[in-house]
Amino acid sequence: MAENLIINGGNKRELYETLLPQLQSLTAGETDIIANMANVAAALKQTFDFFWVGFYIVKEEMLVLAPFQGPLACTRIRYGKGVCGTAWKEVRTIIVPDVEQFPGHIACSSASRSEIVVPVIRDGKVVAVLDIDSDKLSEFDKMDAEYLEQLCAFLPM
């Protein structure tokens with residue numbers, strides 16, 4: 001098991017290109033989803049210094065808080081509610097440049113300014129979502145979506 005990330009490069013693409021193979025290697029040998037989610041959240045937070053990084057797992061028709069890095073968070077989110085619940089319902093990645101402009105945004109923290117939510121899909125069903133918040137407006141773009149979708153696709157469940 002790796003104890004340290006080796007992050008080279010300065011631009012976003014280089015960071016993702018360096019990080020993702022390490023995460024794939026780190027999670028490939030581990031069967032416990034909680035352990036994998038914890039390490040992925042920590043690695044993303046460490047690499048990009050996002051405000052909040054974490055997962056919600058689908059349980060009993062709700063998204064339930066799972067491993068995360070950052071301030072306290074909402075513990076349960078209903079299907080179709082907020083950015084996370086909408087990404088679950090629509091089975092797609094959602095990028096929100098300004099959370100104040102997203103209808104029905106759930107403000108777990110007033111410091112959050114922009115957000116990306118990527119569904120973790122297995123057998124055509126959303127089983128979890130990766131939620132990342134920034135304290136800056138317009139932090140996320142299609143490049144983030146592309147790499148984070150790759151990450152969610154290889155994450156062992």
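This report describes salt bridges, surface charge and an annotated domain in a predicted model.

## Salt bridges

The model holds four salt bridges. In one of them, the side chains of Asp 141 and Lys 12 meet at 3.1 Å, N to O. This pair links distant parts of the chain, with Asp 141 in the loop between β6 (125–134) and α4 and Lys 12 in helix α1, 129 residues apart. Lys 12 also meets Asp 144 in a salt bridge, at 2.7 Å, N to O. Here too distant parts of the chain are linked, since Asp 144 lies in helix α4, 132 residues from Lys 12 in helix α1.

Asp 141 is partly exposed at 33% relative accessibility, and Lys 12 is partly exposed at 24%.

Glu 90 and Arg 92 form another salt bridge, their closest N and O atoms being 2.6 Å apart. Glu 90 is partly exposed at 39% relative accessibility, as is Arg 92 at 42%.

## Negative surface patch

Glu 14, Glu 17, Glu 146 and Glu 149 gather in a patch of negative charge on the surface. Helices α1 (12–28) and α4 (142–154) each give two or more residues to this patch. Glu 17, in helix α1, is partly exposed at 46% relative accessibility.

## Annotated domain

An unreviewed UniProt entry places the feature "domain: GAF" at residues 30–153. This span is 30% helix and 33% strand, and its end C-alpha atoms lie 15 Å apart.

Definitions and conventions
Residues numbered from 1 in each chain as written. Predicted model: local features only at pLDDT ≥ 70, side-chain atom pairs only at ≥ 80, totals over all residues. Heavy atoms only, no water. Patch = residues over 30% accessible without salt bridge, like charges linked within 9 Å, V, L, I, M, F, W, Y side chains within 5 Å. Areas by Shrake-Rupley, 256 points an atom, 1.4 Å probe, with all protein chains shown as cover. Lys, Arg positive; Asp, Glu negative; His and termini not counted. Charge placed at Lys NZ, Arg CZ, Asp CG, Glu CD. Helix = DSSP H or I, 4+ residues; strand = E, 2+ residues; numbered from the N terminus. Buried < 20%, exposed > 50% of the residue type's maximum accessible area, 1.4 Å probe, protein only. UniProt positions renumbered as here; feature names shortened; annotations may be inferred.
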